[in-house]
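Have the sequence and the model open while you read.

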Amino acid sequence: MNKPLYYTAPGGVSVPGLVATLLAGLVAAVVLGLGYALADYHISLVYIMALLCGLMGLCIGKTIAHASRNRRLHSVPALMLIGLICGLVAEYVQWAFFVSLAFNDGNLPASFSTFVKAALNPGGLFETIMALMQEGLWTLKGKEVKGNMLGAIWAAEGLVLIGATIFYSRDADRPPYSETVNAWMKGAVAPVKLAFVQDPKAFSTQVEGQGMAALATLPPQDAECAEFSRLTLFSCEGETDAYLSLDNVTTKIKKKKVEEDVDNVFKFLRVNAADASRYAAELAARASAA
């Protein structure tokens with residue numbers, strides 16, 4: 001049976017891995033939800049709170065992704081589902097605690113006591129949120145914000161939080177996983193900059209057909225060049241397959257800082273591990289000789 005040209009993540013879901021990942025995400029959701037509510041109570045700047053929503057979603061999503069790697073949970077749909085659940089929990093927790101803070105004038109001990117009651121009464125919590133929406137809590141550019149406008153802002157913040165949690169829980173940057181040795185592969189960036197690929201689609205097709213021989217046609221570039229391609233090799237001991245990713249990189253200097261624009265040429269192309277290792281050794285020898 002021919003193996004696919006590109007890496008395909010295993011789709012299996014283990015119950016222990018699923019439960020452990022979900023628990024890690026829920027803990028992060030509760031802790032960060034409480035922290036966000038506290039910040040929201042004291043900060044009335046909508047732009048800052050929207051930013052904090054995204055950061056909270058990022059942190060919860062990254063927690064889920066990290067836990068899934070440790071528990072070898074590979075299914076992206078399962079990770080996204082966990083992200084959705086944890087995002088909703090974070091949103092619910094932050095509302096329950098925010099309402100508790102509002103009714104206790106920010107008194108933390110009293111608010112924590114009220115929080116448990118509010119969290120266990122979703123119907124009453126929803127009615128309270130609706131009442132706060134009609135009453136209004138702060139102003140924006142000198143105008144009192146309430147009613148539908150306030151509801152729209154709160155809905156947008158919730159969508160940012162939940163969307164960011166789902167997005168980052170996918171763990172799109174995870175390396176290939178070897179089912180042969182049950183281990184994540186490690187990525188190593190080639191020590192030599194290669195020529196910028198002018199036609200990524202055509203070159204990808206060439207590499208798919210010729211393998212390492214096509215890569216060898218990319219000449220090395222000067223270390224100071226602004227446009228180049230970056231090769232990353234993913235491998236692990238005991239695995240006969242390795243994977244290559246190639247990115248076109250353009251460097252720019254903005255405000256005295258070097259920034260990179262990165263465009264993927266191909267990602268996780270399957271190659272023979274021994275051939276890839278020899279090619280990596282050749283590149284390392286070039287780097288030493290330079």
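Arg69 is partly exposed, with a relative accessible area of 26% (partly exposed sits between buried, under 20% relative accessible area, and exposed, over 50%, using a 1.4 Å probe and protein chains only). Keep in mind that this is a predicted model, where local features need pLDDT of at least 70, side-chain atom pairs count only at pLDDT 80 or more, and totals for chains, interfaces and linings use all residues. Residues are numbered from 1 along each chain as its sequence is written, and side-chain values use heavy atoms, with hydrogens and water left out.

**Salt bridges around Asp171**

- Arg69 forms a salt bridge with Asp171, with 2.8 Å between the closest N and O atoms (a salt bridge puts a side-chain nitrogen of Lys or Arg within 4 Å of a carboxyl oxygen of Asp or Glu).
- That pair ties together distant parts of the chain, 102 residues apart: Arg69 is in helix H2 (residues 46–70), and Asp171 is in the loop between helix H6 (147–169) and strand S3 (177–178). Helices (H or I, at least four residues) and strands (E, at least two) are DSSP runs, numbered from the N terminus.
- Asp171 counts as buried, at 8% relative accessibility.
- Asp171 also meets Arg174 in a salt bridge (3.0 Å, N to O), and Arg174 counts as buried at 10%.

**Salt bridges around Asp241**

- Salt bridges with shared partners join Lys3, Asp241 and Arg270 into one network.
- Within it, the side chains of Lys3 and Asp241 meet at 2.7 Å, N to O.
- Asp241 counts as buried, at 10% relative accessibility.
- Across the whole structure, a search finds seven salt bridges.

**Nonpolar cores**

- The largest nonpolar core has 24 residues, and Phe203, Leu215, Leu218, Leu231, Leu244, Leu246 and Phe266 touch the most other members. A nonpolar core is a set of buried Ala, Val, Leu, Ile, Met, Phe, Trp, Tyr and Cys residues joined through side-chain atoms within 4.5 Å.
- Among the elements that each supply at least two residues of this core are helix H7 (200–210), strand S7 (241–254) and strand S8 (257–272).
- Apart from this core lies another, of 20 residues, including Leu34, Trp95, Ala118 and Leu125.
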